[in-house]
Amino acid sequence: MTLSKRDRFCQAFHRFPVLHCPRCGGALTLAEDDFSCPQGHHYNLNRKGCVNFLSAPVNTCYDKELFAARRRVFAAGCYDQVADAILQLMPPEDQRILDAGCGDGWYLAQLLEKHPSWVGAGIDISKDAIFQATDHPCEALWCVGDLRRLPFGEQSFTTVLDVLTPANYSEFQRVLSPDGLMIKVYPGEHYLQEIRLKRGMPLYAEGKVEAYLHEHAQVIASRHVTVTHALTPQLWRDFVWMTPLDQDLSPEAKEALAQDAAETITIDLHIDAVRL
């Protein structure tokens, strides 16, 4: 029998009861569709299988169309080597994973589907992203929320994924176990260079993220994924529409770029496992 999205969330919470109130820090308990803390704060588990911890809607450029394009890019296998590299850096023991800024949850879903004994949560400030994340068949705690006030208890996770997302190191450290890892994924010089070149932008300037990591964290191990994929015109369009590089463009300018298709796209990413 196929579980509903709400039931999958409930199953995940029973296996992994780590949700805490982001307002007061109290542990949350579930009664029917209502999460509540001892201070009387309430959060609804909606029928889409997620909980919204934001007190007010947030305007963001990360909309339904962007995540629909991103889903097609992932389905085409363009980031499979990145997911493999992340897995190589993770310990073989059972993991408790937070995907911070998870978008549509693809990376967390990949890990949980390959390792059913692992548990995890994904959080993003975009409601549209989390609504798409709940489509994955894995059991996970999908949350709409702010990385500055994570709705999880202290030392809840053994791994925090931070994939192409600004990090909040103090909050990550709070929710990580003492020997836990943060896995940071950030661009190499040639990441999406075909889009940058068509827009007259310089290549990505490396160094700042790496320098910050070495200053504020202990780098345990690293991988570097560089791969060039052949593209169809549709897949080029999906890259144009999904990347934050192009969110400054008007819809008309973005569509013009989408019509000027390149034949290839370069994925160039650094993956570092660090202790905070």
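This is a predicted model: local features need pLDDT of at least 70, side-chain atom pairs count only at pLDDT 80 or more; totals for chains, interfaces and linings use all residues.

Me: At what angle do H2 and H9 cross?
Reply: Helix H2 (residues 64–75) and helix H9 (residues 233–242) cross at roughly 135°, and their axes come within 8 Å. Helices here are DSSP runs of H or I with at least four residues, strands are runs of E with at least two, and both are numbered from the N terminus. Axes are lines fitted to C-alpha atoms, for helices over the stretch in contact, and angles run from 0 to 180 degrees between N-to-C directions.

Me: What is that angle called for H2 and H9?
Reply: The angle makes H2 oblique to H9. Under 35 degrees counts as roughly parallel, over 145 as roughly antiparallel, 65 to 115 as roughly perpendicular, and the rest as oblique.

Me: Which residues make the contact?
Reply: From H2 they are Glu65, Leu66, Ala69, Arg70, Arg72 and Val73; from H9 they are Gln234, Leu235, Arg237, Asp238, Phe239, Trp241 and Met242. Contact means heavy atoms within 4.5 Å. The residues of this contact divide into seven nonpolar, one polar and five charged. Ala, Val, Leu, Ile, Met, Phe, Trp, Tyr, Cys and Pro count as nonpolar, Asp, Glu, Lys and Arg as charged, and the others, Gly among them, as polar.

Me: How many residues of H9 are buried?
Reply: Seven of the 10 residues of H9 are buried, so H9 is largely enclosed by the rest of the structure. Buried means under 20% relative accessible area, exposed means over 50%, and partly exposed is in between (1.4 Å probe, protein chains only). The buried residues are Leu235, Trp236, Asp238, Phe239, Val240, Trp241 and Met242. Their cover includes H2, helix H7 (193–198), helix H10 (251–259) and strand S11 (264–275).

Me: What does Phe239 touch?
Reply: Leaving aside neighbours within four places in sequence, Phe239 is in contact with Val73, Cys78, Tyr79, Leu192, Ile195, Leu231, Ile265 and Ile267. In the largest nonpolar core, which has 53 residues, Phe239 is among those that touch the most other members, along with Tyr79, Val82, Ile86, Tyr107, Trp142 and Ile267. Another core lies apart from that one, with 36 residues, among them Tyr43, Ala100, Cys143 and Val160. A nonpolar core is a set of buried Ala, Val, Leu, Ile, Met, Phe, Trp, Tyr and Cys residues joined through side-chain atoms within 4.5 Å.

Me: Is Ile195 buried or exposed?
Reply: Ile195, found in helix H7, is buried, with a relative accessible area of 0%. Leaving aside neighbours within four places in sequence, its contacts include Trp236, Phe239 and Val240.

Me: New topic. How do H3 and H4 pack?
Reply: Helix H3 (residues 80–89) packs with H4 at an angle of about 60°, with the axes 10 Å apart. H3 and H4 are therefore oblique to each other. The contact is made by Asp80, Val82, Ala83, Asp84, Ile86 and Leu87 of H3 and Trp106, Tyr107, Leu111 and Lys114 of H4. Those residues divide into seven nonpolar, no polar and three charged.

Me: What do the buried residues of H4 pack against?
Reply: They pack against H2, H3, S5, strand S6 (119–124), S7 and S8. The buried residues of H4 are Trp106, Tyr107, Leu108, Ala109, Leu111 and Leu112.

Me: Now the loops. Where is Gly101?
Reply: Gly101 lies in the loop between strand S5 (96–100) and helix H4 (106–114). Gly101 is buried, with a relative accessible area of 18%. Not counting residues up to four places away in sequence, Gly101 touches Ile123, Asp124, Leu147 and Thr165.

Me: What about the phi of Gln155?
Reply: Gln155 is not a glycine, yet has a positive phi of about 55°. Most residues other than glycine have a negative phi. Gln155 is found in the loop between strand S7 (141–144) and strand S8 (157–163), and at 45% relative accessibility counts as partly exposed.

Note on methods. Residues are numbered from 1 along each chain as its sequence is written. Side-chain values use heavy atoms; hydrogens and water are left out.
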